[in-house]
Amino acid sequence: MDEENLQGKYFSITDPKDVSTVIYQVNKTEKEFAKTAPKFTVERLDYSEELIGTNKKKTFFIDNPSPEGNPLVILSFGKERVVVNMGFLDYDVVKISKKPMPMKFTTLYNEEETEFKEFAYTPNMKRPISIIDPETTEEIKPILYFDEEANEVKGKCKLKPYKKYFAFEITENKKDKKKES
């Protein structure tokens with residue numbers, strides 16, 4: 001298939017006034033990297049936004065959708081809370097999943113400037129974890145460095161004092177691990 005025929009998918013959601021939704025696509029790490037890299041990585045979807053009254057209509061884009069569909073993490077940030085949903089882009093329809101994907105999420109808070117734990121990247125520079133400022137819904141970009149001892153690229157995030165952050169990571173389901181053994 002030539003590059004010109006590749007097409008993306010898009011879908012829209014509407015956020016009420018005090019809610020801001022961000023969506024991540026969950027990618028399974030390629031087999032050739034699976035032994036040494038995180039099993040899953042997350043990739044934030046780009047979107048465009050238009051105001052409709054007091055609501056915001058967001059149109060999200062997936063550049064290279066998988067023919068098998070794309071698992072999604074849907075995070076809706078409101079005042080003092082985050083609603084987490086799992087979804088699945090199947091052709092042109094987003095289905096909200098009833099079966100949760102194994103995922104760890106936490107609120108990070110510290111009274112001193114701190115660095116969030118190290119995390120490994122895949123060789124194609126994808127990561128398994130995302131840290132988000134819940135006020136702006138912007139992602140905290142990691143500082144990358146090469147760990148010569150481990151011979152891999154790692155990242156750390158600098159977190160400001162007296163500020164809450166939302167962090168999530170897709171984890172490996174223990175049942176899946178047994179199937180692959």
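Guide: Buried means under 20% relative accessible area, exposed over 50%, and partly exposed in between, with a 1.4 Å probe and protein chains only. This is a predicted model, in which local features need pLDDT of at least 70 and side-chain atom pairs count only at pLDDT 80 or more, while totals for chains, interfaces and linings use all residues. Residues are numbered from 1 along each chain as its sequence is written, and side-chain values use heavy atoms, with hydrogens and water left out.

Visitor: Why is D18 called partly exposed?

Guide: Its relative accessibility is 45%, and because the class lies between 20% and 50%, D18 counts as partly exposed.

Visitor: What makes D18 and K79 a salt bridge?

Guide: The term requires a side-chain nitrogen of Lys or Arg within 4 Å of a carboxyl oxygen of Asp or Glu; the N to O distance here is 3.7 Å, so the pair qualifies as a salt bridge. D18 lies in the loop between β1 (9-15) and β2 (20-28), and K79 in the loop between β6 (70-78) and β7 (81-90), so the pair ties together parts that are 61 residues apart in sequence; strands are DSSP runs of E with at least two residues, numbered from the N terminus.

Visitor: How many salt bridges are found in the whole structure?

Guide: The search finds seven, including the one between K154 and D147.

How values were computed: Helices (H or I, at least four residues) and strands (E, at least two) are DSSP runs, numbered from the N terminus.
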